[in-house]
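This report covers a structure with several chains.

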Amino acid sequence: MQDNQNIEERKMQNRKRRELLIGASALAGASLLSPIARAQSAKLRVGLMLPYTGTYAQLGAAIENGFRLALDQSGGKFGGREVEFFKVDDESEPSKATDNANRLITRDKVDVLVGSVHSGVAIGMLKVAKESGTLMLIPNAGADAATGALCTPNVFRTSFSNWQPVHPLGKVMVDRGHKKAVFITWKYAAGEESLASFKEGYAAAGATVVKELFVPFPNVEFQALLTEIAAIKPDAVACFFAGGGAVKFVKDYAAAGLKDKVPLYGSGFLTEGVLSAQGDAAEGLVTTLHYADSLDNPRNKAFRAAYGKAYKTEPDVYSMQGYDTGLLLAQALGKVKGDIGNQKAVIAAMEGALIDSPRGQWKMSKAHNPIQDIYLRRVEKGDNKVIGVAWKALEDPARGCRM
Amino acid sequence: MDFATFLIQLLNAVQYGLLLFLIAGGLTLILGIMGIINLAHGSFYMVGAYLAWSLSMHLGSLWLAIPAGIVLSVILGLLLEWLLIRRLYRLGHLQQVLLTYGLILIVEELRSIIWGDDVHGVPMPELLSASIPLTDTLAYPVYRLWISAVCVVFALLLYVLIQRTRLGMMIRAGASNREMVQSLGIDIDLLYRFVFALGVALAALAGMIAAPVSSVFPAMGNQVLIVCFAVVVIGGIGSVKGALVGALLIGLVDTFGKVTELPIGGLRFLPELAGMSVYLLMAVVLLWRPAGLFGKSS
Amino acid sequence: MSRSNTLAIAAVVILIALALLPFVAEKFTVQFATRILIMAIFAMSLNLLVGHAGLVSLGHAAYFGIAGYCLALSSPQYQAANFWTSLPLAMIAAGALALAIGALVLRTSGIYFIMATLAFAQMLHSLLHDTGIAGGSDGIFIYARPDIGFFGWRAFDLEKFGDFYFVVLALFVVVFGFIGVLRASLFGRVIAGIRVNEPRMRSLGFATFRYKLVCFVLAGMLAGLAGYLAAVQFGVVNPDMLGWHFSGAVLMMVILGGMGTLAGPVIGSAAMLLLEIGFQSLPAVDGINPGKHWQLPMGIAIVLVALYLPNGLTGLLRRGRADE
């Protein structure tokens, strides 16, 4: 009996010990997560929150490449400070956006947050940046609200708003005699905002959208809707698709024989970074965008040469936007001699910056979005050739911005 | 909708349904005969598509890539079954769900490491790249017709295999009574390995032939997987015939749902609820007739 | 010392440690701990179904997500909702959904039950994703966290990460206690009996369907609580919160921790989230960035757990007591 009691007691003690040990190690593990006390470093901490996987992975890589090129050309330093990168894959998942952005800001303590591609993700990041006051640069996501209803002093965008690239397309199409169009896009913020902007511009030019077709994002099964378009027989079709979806849509459109019967137009994302995948199907497509590979200005030529040399691949609009983000940061930090803590000065510097970009020179609008030219492009022999300027110095209306 | 458009949409629906059948056919066999819930089935579809892309680049044409891809996916299926799946037979559904869920993550990351994360187009073979004009505005791609033809051929082959061969008989027997089949001296482990490899190969084949029209991109298997479960449930677990009918049914509901305008109240009831209607159908079948249209009611 | 005394002491020690966390750890750790606690509540709710009642649900995220959406839809735009009205509302919505779905799916069993729970969750996911009624695939952002003031007296401000942590911790303790009491009650023992041998329970006179339904609704409501808190923490709700991927992840947490036990789901969710962040933080070596491919070791871990840890981590611990 006594032996049993001793065994029992020992087992109890073992169990108690084990449980306490587990509790302690869990705590230890948790506190290990807090970064070890860091001496105030001279390095600038840049947080990159981009899609490294998923349908926009290519865009994320292009943006980072462009950004790094700008850093290299700035002597590897911004405002005299070296840069330490912290990267997070946002997977184009808005649900993880605040979490990921939080990690960069609170755990990695980044000085500036750069991201994202997907508009939903960017809005989540913006929310976190707004709360924490961290400087945030948007190198792609076009959500109108980011420089509209949700505009914030510490948030800048170096790309475009969803409203901008597609707005001149309406007039372009009317000038070519297409007064009745169908608009097709993904059913998400970027698609819906593009549609709204297109409708505005198209109506202003005296034409109407006869049908709006939506595909759930990121679905790429278009066959039924293409048949529908053929049945409607509009003058033309306008669309917004990007990345993998753009490849598929253009190819499907051509395979359905619609290409020669019902002309296809779109904002330039339809043919950005995807021309080689699209092949002949994209030939002759007319699009509007704030950039084109073939832009004939010295800055663009130099940019393309340098990018090609560094990364052995052709840059696209996304690379250019990443590049401009780096340029903006370089310029602003140069002005404040690297003191990113002096946020007021940094913001003032960015607001007044004149970016000598491959897309042409541009400045920030009051709502912190680029005021830029929108080019008219046509795909010729696998390249986006600039055939005109669809709109000069187009500024996003920044609806709802209270800055 | 005029009659010509209706017919073309019907063609679209059938083509989508047939492709779904190819994938769901394998899933229903694995579920019905081996009793395994295979959440990773969509990943095999993705693997097939990526194989089509990389093999057609290395071998020069899709015609060579497809047989090579089939061989590789059979090997993959055999390997997976031997390594992992066979340990699931004596475990419950919970472990199956878990293991195959983990498998999805593994396959996705391996794909990312081996082939990267970019979106790719796979060129159609020259022979099939034309389009047949059907109306004055619409042409139907020959390649899509070929996809349907391939699916029909494999449907027939599957039918012959299951219903008309000894192997098929063993498979059907193994589904009803594993121990009995074993006691008859038939190596049921080898049989199950074959069935699993067959399922993987069918899913991969679907991915391969669809690659030129669907393009190749990460996470392309996720959407397909859940729709395939709907097909399997509606058709009846274990029934290949049911999978065919279920797939065609879903093809019809999905395609016509997408292009029909049926506003009810303020909501654009169709086409926006087309996606939901597939799962509604699945739920209705589960509640009213769980065995599905052609399954065995126990 | 008796076993329950030892466990009680251990529990108090851990509770004190958790309560002290915001004072010793930094913001990111506290936020991470909050996330673990919320997922633990979610996992505990699923454990009620899977572990105690033996009902394998692959659609539990539906109740988690619907509560989050409820908060998002009931919050006035750019302003804070009232905590004391929005939380019960969200939980009731989740419970009502569970009642509706449970009444239907509980007519099936085995693999059909699993498929049915999956089907209904996907239906809800499609409804929210494809239509515009709740922001579509982008979801809805919650710009201000709910106001927890009580007739003007604001003891906590949920916008502060420390205060939010305490509220979540308190709710976690309440849920933990509730489930503990439930397990020991007659209801809990009937549910356990149903898991082991349902026909026998029926022959003993218990209306098993009703018991299972109540269990399903309770699990749904607790999942809703977790979903509400998650929506508050992330500030965004999105159809993926109801998706099968998420249902699979929480199922993993339950099994990893140890089904049917009280502490299992808590350990499981902590372990899973720690593993995730651990794998993501793996340092880059020779240009290969394993952190980017963290889902690979995670998937391998899941496979290993499925094969070799049927009783989860608590089962590992209990093996030490196997000689009892």
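## A strand pair in chain A

A:V46 stands opposite A:V112 in strand 4 of chain A. Three bridges join strand 1 (residues 44–50) of chain A to strand 4 (residues 112–114) of chain A, and the two run parallel. Strands (E, at least two residues) and helices (H or I, at least four) are DSSP runs, numbered from the N terminus. Two strands pair if DSSP finds at least two bridges between them.

This is a predicted model: local features need pLDDT of at least 70, side-chain atom pairs count only at pLDDT 80 or more, and totals for chains, interfaces and linings use all residues. Residues are numbered from 1 along each chain as its sequence is written, while chains are lettered from A and ligands numbered from 1 in the order in which they are written.

## The sheet and chain A

The open sheet has six strands in the order 2-3-1-4-5-6 (chain A), with mixed pairing. Its edge strands are strand 2 (77–78) and strand 6 (155–157) of chain A, each pairing on one side only.

Chain A has 13 helices and 15 strands. Of its 403 residues, 60% count as buried (20 or more other C-beta atoms within 10 Å of the residue's own, with C-beta atoms placed from the backbone). Contacts require C-beta atoms, placed from the backbone, within 7 Å. Among contacts in chain A between residues at least 6 apart in sequence, 72% join residues at least 24 apart.

## Chain B against chain A

Here 28 residues of chain B are in contact with 29 residues of chain A. Helix 1 (3–34), strand 1 (131–133), strand 2 (139–141) and helix 10 (240–259) of chain B each give two or more residues to the chain B side. Helix 1 of chain B has the largest share, four residues. The chain B side divides into eleven nonpolar, 13 polar and four charged residues. Nonpolar means Ala, Val, Leu, Ile, Met, Phe, Trp, Tyr, Cys and Pro; charged means Asp, Glu, Lys and Arg; the others, Gly among them, are polar.

## Chain B against chain C

This contact takes 34 residues from chain B and 35 residues from chain C. On the chain B side, helix 4 (93–115), helix 9 (221–235) and helix 12 (274–288) of chain B each supply at least two residues. Helix 4 of chain B gives the most, with 16 residues. By class, the chain B side has 25 nonpolar, five polar and four charged residues.

Definitions and conventions:
Two residues are in contact if their C-beta atoms, placed from the backbone, lie within 7 Å. A residue is buried if 20 or more other C-beta atoms lie within 10 Å of its own, exposed if 12 or fewer, and partly exposed in between; C-beta atoms are placed from the backbone.
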